[in-house]
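This short report looks at how two parts of one protein meet. Please keep the sequence and the structure in view while reading.

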Amino acid sequence: MSELSKLYEAILTGDSKAAVAITKEALAAGTDPLEIVNTQMVPAMDEAGRRFECEEYFVPELLLAARAMKGALELIRPLLAERGTEPAGRVVIGTVKGDLHDIGKNLVSSMLEGGGFEVIDLGADVAPERFVEAVRERNPDLVCLSALLTVTMPSMKTTIDALKDAGLRDRVRVLVGGAPVTEQWAREIGADGYGPNAAAAVPLARKLIMK
Ligand code: B1M
């Protein structure tokens with residue numbers, strides 16, 4: 001097993017200490033941070049999800065895997081954020097109401113920072129009113145909504161509707177994403193765009209803001 005592939009195992013088994021140590025070593029050896037995310041970290045979380053689905057894993061194992069992923073990601077986030085130079089625009093981002101999944105949202109947030117955006121991260125389980133308040137107060141160019149649960153996808157629509165009701169919808173573009181979200185869903189709820197992954201979210205955000 002290669003040194004880097006031990007990171008996959010460490011995350012999957014929820015070994016935070018090992019996950020952080022292996023990530024540190026890989027970064028010190030000059031491995032591209034995005035390669036670490038895409039080849040080890042995301043597949044490990046996917047496998048944890050698969051095991052959860054077939055009842056090999058339960059919520060505690062998911063939590064441990066998430067904690068290991070987050071520990072390793074903390075080392076990578078600043079490096080992703082350093083990549084950008086030009087201020088590209090201001091973004092308000094959050095995981096929608098009822099949804100506690102924030103690892104993917106954090107990655108999107110880091111990639112946007114790396115793409116030169118000023119990012120205002122509202123966290124997870126964000127109520128529509130908080131998005132409205134942030135748009136009113138911070139005047140962003142773009143609102144990014146993340147959802148990982150099919151049951152919280154409707155919160156994306158509720159959030160867009162709340163922006164409409166507050167008379168703010170024309171002031172911002174809305175980008176949506178997350179594992180269960182599709183391009184069609186984005187169209188149905190009146191979003192301006194759909195990002196399939198964190199890397200794709202950056203060029204999309206730029207394109208939407210230019211429109
Ligand atoms: Co939960 N969970 N979870 N979970 N969890 C999933 C999502 C699930 C698919 C697992 C499964 O059954 N296979 C399933 C959802 C099923 C469904 O709705 N169809 C599920 C479930 C059911 C649940 C609970 C209901 C379990 C329970 O309590 N019975 C519960 C719900 C809690 C809640 O939110 N109210 C729950 C809880 C949890 C934990 C708290 C234990 C933990 C989250 C910890 C945390 O985030 N802080 C957790 C985890 C870790 C997962 C899995 C295993 C991994 C998610 C993850 O971090 N992936 C997940 C299974 C899976 O996804 N394979 C699962 C890695 C991350 C990098 O990917 O978030 O997809 P992702 O982000 C990607 C893209 O989606 C995209 O870019 C990212 C990077 O490329 N993206 C965007 C995301 N947001 C974007 C926004 C954009 C653009 C792109 O633009 C704005």
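## The domain interface

Domain 1 and domain 2 together bury about 920 Å², and 68% of that area lies on carbon and sulfur atoms. K70, R77 and L80 supply 49% of the area that domain 1 buries against domain 2, more than any other three residues. The model is predicted.

The domain assignment sets the bounds: domain 1 covers 5-83 and domain 2 covers 90-210. Their centres, taken over C-alpha atoms, are 24 Å apart. In the interface, 11 residues of domain 1 are in contact with nine residues of domain 2.

Polar links come next. Two residue pairs are in polar contact between domain 1 and domain 2, both at pLDDT 80 or more. The rule finds one salt bridge across this interface. A salt bridge joins the side chains of D102 and K70, at 3.1 Å from N to O.

Two elements give two or more residues to the side of domain 1 that touches domain 2:

| Element | Residues |
|---|---|
| α3 | 33-53 |
| α4 | 59-81 |

With seven residues, α4 gives the most to that side of domain 1. By type, the residues of the side of domain 1 that touches domain 2 are eight nonpolar, no polar and three charged.

Is S110 buried or exposed? S110 counts as buried because its relative accessibility is 1%, and the cut-off for buried is under 20%. Leaving aside neighbours within four places in sequence, S110 is in contact with R77, L80 and A81.

Key. Residues are numbered from 1 along each chain as its sequence is written. This is a predicted model: local features need pLDDT of at least 70, side-chain atom pairs count only at pLDDT 80 or more; totals for chains, interfaces and linings use all residues. Side-chain values use heavy atoms; hydrogens and water are left out. Buried means under 20% relative accessible area, exposed over 50%, partly exposed in between (1.4 Å probe, protein chains only). Contact means heavy atoms within 4.5 Å. Domain bounds come from an automatic or database domain assignment. Buried area is the accessible area (1.4 Å probe) that two parts lose on being put together, summed over both. A salt bridge is a side-chain nitrogen of Lys or Arg within 4 Å of a carboxyl oxygen of Asp or Glu. A polar contact is a pair of N or O atoms within 3.5 Å; within protein, one must be able to donate a hydrogen and the other to accept it, and residues adjacent in sequence count only if both atoms are side-chain atoms. Helices (H or I, at least four residues) and strands (E, at least two) are DSSP runs, numbered from the N terminus. Ala, Val, Leu, Ile, Met, Phe, Trp, Tyr, Cys and Pro count as nonpolar, Asp, Glu, Lys and Arg as charged, and the others, Gly among them, as polar.
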